[in-house]
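These are my notebook entries on one protein model. I looked up its sheets, cores, surface and charged pairs in turn.

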Amino acid sequence: MNTANDQVLAERARIHAEVEGRTLIHSLAKTVDEFGDEPAYSDRHRVDEGWRTLTWSQTRELALDVSAGLMGLGVVARDTVAIMATNRIEHVVADMGAVHAAAVPMSIYNTLSPEQVAYIADHSQPKVAILENEDHLARWAQALAADESIKVVLIDAEVPEGERYSTWDQLVADGATRRAEHPEELEARQAELTPDTPATILYTSGTTGNPKGVVLSHYNVQYEAESTLEAAGLMDQRQTQVSYLPLAHIAERILGIYGPQMQGSHQYCIGDPAQLLATLGEVHPTAFFGVPRVWEKIQTGISAKLAADPNPENVKLVQDSMAAALAWVEAQEYGGTMTPEIEENYQKADAAILGFLKLLLGLDQVRWAGSASAPMPVETTRFMAGLGLKVYDVYGMTETCGAVTANGPEGFRMGSVGRATPGMEVVLADDGEVLVRGPVNTPGYHRQEDATRALIDEEEWLHTGDIGVIDEDGFVSIVDRKKELIITSAGKNIAPSNIENYLKESPIIGHAMAFGDARPYVVAVLTLDGEVAPIVAQQLGLEFSDLADLAARPEIRAMVQSAVDKANARLSRPEQVKAFELLAAEWTAESEELTPTLKLKRRVVNRKYADVLDGLYS
């Protein structure tokens, strides 16, 4: 396998010098010194209206109280501390507090079943579990019954009887007292940290089988944050951002916890992603990250409004303006050429309507917009470019501590996931699998040596499990998961995500899954978009009771058939969907079919809808 070239080694050495010898404790202290009085985290909890906000100095002081409080509960160095809570100040502070106690914080997805929580608890053996509400306590009931040694801190829930339970406020108060009485204790504990100490263990959301605990060190997360900020062109100033994805997701941890600690940015935390669009309109962030589904929802929302506009002149204004903006973004792609005419046309379009649309969306101040977690449909990228927004697609995984390739201001190509981030090596194996080597790779899975050996080979290449291609300019494109490629009974290799993205370009289709492994042809199961489909039905004058009712209506099924036909027109014959079923239920973050970050659980869909899939071949 090739070794790193001089440029990669120079980039690696430069970022290494920035983070060498540091832990997150050092990074937070430096940020407090520089931005102590600036806002750090805001949320809507424990206030009657508006936002409550902590400065960076207040955040660190509260984290130190929590750290001492955890030590009072018996937490020692390298103990794990589990956190199940929505995005809020207490979640972030609990994480920082555990780090300052030389412990290892683990954010756990709020949607996991009691059985999944019990598995993770048994595997990671947390000393303390910090839970937000009664629902989270119920999800932990099985784990707590199995291990009576776990102490429980409840943020908002009513505290049950028993010595193992305490409130968040009591934890903070006890910690403040302990700090005052034993000021040397925290310093001694923090001295046990090294850059190689685990900063977190993140249990993958488990699209297949039991989740695995990915260990990420202080060095991993700080190198990743530095390289991500550099690739995004965000090193020069503090950002205003919205934190809404689960903090058990590596992207949100880098952008919502680690990056801000190193840069002093301001995070607005919301516990319910349904509040996202309203929050964007209020906050107007300067940087915004959305999984593909978020960008798709923005696209379908605007498309639906355009379709409903009875004035053809308005529609033409928007369409012409978006064409000018798309040309403007294309001119800035790697190898593109900007002309005075393209720039002038875009400025006119922005003044005429696009600036207003971005203002309505709350994206008018965005300097950097990103997407990852799943393949971004290129048509969605181009649609957002039509608003004058460059959505930079990036690629990575929990095991690589987030992004290892990225588009950015210094070079982007729509339809790709960008080039290797500073100091990282990205190559393709003989079968097209993406291999990654560099400072952000996990040291391994927690207590799973066999899985670690299968992940990282003897030359330290991490095997991602994704099939990709790399063009002559170094831009990477992801084809699909290696294990998810469809191989038909005729031996044709097909990437299902490509088919699914074409199908989801229809505003009324919410989710799609293509199927055809060991079968003669490809079929699909589809769901309606819970927001757009009812609007379209109302415009058609249809009366309906719910989505299940809508899914059975001939008018809606005809629209779905049209979407399938349009997708098929862009696909090769083996890829074309020969039959489909429109399901009565919507798939959401709370449903079995999706992970907490809205990725398909293909095995679950295959099992749950086995009869439906078999019926499509009858």
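**Entry 1**

Strands are DSSP runs of E with at least two residues, helices are runs of H or I with at least four, and both are numbered from the N terminus. Two strands count as paired if DSSP finds at least two bridges between them.

I then looked at one pairing in detail. Strand S15 (residues 402-406) and S16 run antiparallel and are joined by 2 bridges. Ala406 has Arg419 in S16 as its bridge partner.

I note the basis of these entries here. The model is predicted: local features need pLDDT of at least 70, side-chain atom pairs count only at pLDDT 80 or more, and totals for chains, interfaces and linings use all residues. Residues are numbered from 1 along each chain as its sequence is written, and side-chain values use heavy atoms, with hydrogens and water left out.

**Entry 2**

Buried means under 20% relative accessible area, exposed means over 50%, and partly exposed is in between, with a 1.4 Å probe and protein chains only. In a regular strand the side chains alternate between the two faces of the sheet.

Strand S1 (residues 39-43) runs parallel to S11, and 2 bridges join them. Here Tyr41 stands opposite Gln267. Strand S10 (residues 240-243) is also parallel to S11, with 4 bridges, and Thr240 has His266 as its bridge partner.

**Entry 2. Nonpolar cores**

I next searched for nonpolar cores, that is, sets of buried Ala, Val, Leu, Ile, Met, Phe, Trp, Tyr and Cys residues joined through side-chain atoms within 4.5 Å. The largest has 64 residues, and Tyr41, Leu70, Val81, Ile130 and Trp168 have the most contacts inside it. H4 supplies the largest share of this core, 7 residues. Another core lies apart from it and has 53 residues, including Ala324, Val329, Leu363 and Met384.

I listed the contacts (heavy atoms within 4.5 Å) of two residues. Beyond residues up to four places away in sequence, Val81 touches Leu70, Val75, Ala98, Ala103, Val104, Pro105, Met106, Val128 and Ile130. His91 belongs to helix H4 (residues 89-100) and is buried at 1% relative accessibility. With its neighbours within four places left aside, His91 contacts Ile83, Ala85, Thr86, Ser107 and Leu247.

**Entry 3. Salt bridges**

I counted 45 salt bridges in the whole structure. The criterion is a side-chain nitrogen of Lys or Arg within 4 Å of a carboxyl oxygen of Asp or Glu.

Glu230 and Arg14 form one of them, at 2.7 Å from N to O. This pair links distant parts of the chain, with Glu230 in helix H10 (residues 218-232) and Arg14 in helix H1 (residues 6-19), 216 residues apart. Glu230 is partly exposed at 29%, as is Arg14 at 39%.

Lys127 and Asp79 form a salt bridge at 2.9 Å, N to O. Lys127 is in the loop between helix H5 (114-124) and strand S5 (128-131), and Asp79 is in the loop between helix H3 (56-72) and strand S3 (80-84), so the pair ties together parts 48 residues apart in sequence. Lys127 is partly exposed at 27%, whereas Asp79 is buried at 16%.

How far apart are the closest N and O atoms of Lys297 and Asp529? They are 3.1 Å apart, in a salt bridge. Lys297 is in helix H13 (residues 292-308) and Asp529 is in the loop between strand S25 (522-528) and helix H19 (532-539), so this pair ties together parts 232 residues apart in sequence. Asp529 is buried at 0%, while Lys297 is partly exposed at 25%.

I also recorded one network, in which salt bridges that share partners join Asp43, Arg46, Arg52, Arg88, Glu90, Glu132, Asp156 and Asp169.
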